[in-house]
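My entries follow in the order I made them.

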Amino acid sequence: MEQDSTILISNLRQRKPAACQQLLTEYGPAVFRMVQRIVTRREDAEEVYQDVFVKALRGIEGYNPRQASLATWLGRIAYHESLNFVRGKKPYIVYMDDSELGIDTLEAPDDAPPDEQTIRQLEQALAMLPPHEQAIVSMFYYDNMSLADIAFVTGSIPSTVGSQLSRIRKKLYRIIKTL
């Protein structure tokens, strides 16, 4: 796998079209999932997705495999491009306290099992987090990224990411209690 990655990187640096296609085929789905978790409107996510790969191809000379895997490096680009996009386009709710949420709670059907209700509440709570917090949760729980990889992607350090995850979990708990 590492040798395949080394060959791919070499071919990308030589601007071989087949290497670009291979990059999109192998890493495109994961990059798009990360982008779409932050940029929720599909058309916007597709635009950001394209920007990620344009930026990656332009910056492939600066990629250092000793710092991070190619997937993690692409994740870093996707994370920052997505956040830059939503900062310029989409307002989000910042959790202050219960009285400032200003949301109407949705009543769950009486026959819904608690697990389904919990999942709906968690999804609602996640949607209320700022994009960078949504991204951290997604990387850790959905993409199974290590704290070190998330730290690389976000430009932080692993202990900070761990602290952020702890604060985010507490925030989600408080939000779910209000739902």
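Entry 1. The model is a predicted one.

Entry 2. I looked up Gln121, which sits in helix α5. Is Gln121 buried or exposed? Its relative accessibility is 18%, so Gln121 counts as buried. Leaving out residues up to four places away in sequence, I found Gln121 touching Ile176 and Leu179.

Entry 3. I then went to the whole chain. I noted eight helices and zero strands, and the pattern along the sequence reads α-α-α-α-α-α-α-α. The chain has 179 residues, and 38% of them count as buried. I put down an accessible surface of about 10,800 Å², with 52% of it belonging to carbon and sulfur atoms. For contacts with a separation of 6 or more, I noted that 65% come from residues 24 or more positions apart.

Entry 4. Next I looked up the core. The largest nonpolar core holds 49 residues. Which residues have the most contacts inside it? They are Leu70, Trp73, Leu74 and Met139. The elements giving two or more residues to this core are α1 (2–13), α2 (17–38), α3 (42–58), α4 (70–89), α5 (114–127), α6, α7 and α8. With nine residues, α4 gives the most.

Entry 5. I followed Met139 further. Setting aside neighbours within four places in sequence, I listed the contacts of Met139 as Met34, Tyr79, Asn144, Met145, Ile150, Val153 and Thr154. I then checked helix α7, which spans residues 147–154. Its buried residues are Ile150, Ala151, Phe152, Val153 and Thr154. After α7 comes Gly155, with a positive phi near 75°.

Entry 6. Last, I looked at a helix pair. How do α6 and α8 cross? The axes of α6 (residues 131–142) and α8 (residues 158–178) come within 10 Å and cross at roughly 105°. The two helices are therefore roughly perpendicular to each other. On the α6 side I listed Glu133, Ile136, Val137, Phe140 and Tyr141 as making the contact, and on the α8 side Gln164, Leu165, Ile168, Arg169 and Lys171. By class I recorded six nonpolar residues, one polar and three charged in this contact.

Technical notes
Residues are numbered from 1 along each chain as its sequence is written. This is a predicted model: local features need pLDDT of at least 70, side-chain atom pairs count only at pLDDT 80 or more; totals for chains, interfaces and linings use all residues. Side-chain values use heavy atoms; hydrogens and water are left out. Axes are lines fitted to C-alpha atoms, for helices over the stretch in contact, and angles run from 0 to 180 degrees between N-to-C directions. Helices (H or I, at least four residues) and strands (E, at least two) are DSSP runs, numbered from the N terminus. Angles under 35 degrees count as roughly parallel, over 145 as roughly antiparallel, 65 to 115 as roughly perpendicular and the rest as oblique. Contact means heavy atoms within 4.5 Å. Ala, Val, Leu, Ile, Met, Phe, Trp, Tyr, Cys and Pro count as nonpolar, Asp, Glu, Lys and Arg as charged, and the others, Gly among them, as polar. Buried means under 20% relative accessible area, exposed over 50%, partly exposed in between (1.4 Å probe, protein chains only). A nonpolar core is a set of buried Ala, Val, Leu, Ile, Met, Phe, Trp, Tyr and Cys residues joined through side-chain atoms within 4.5 Å. Accessible areas come from the Shrake-Rupley method with a 1.4 Å probe; for residues, only the protein chains shown count as cover.
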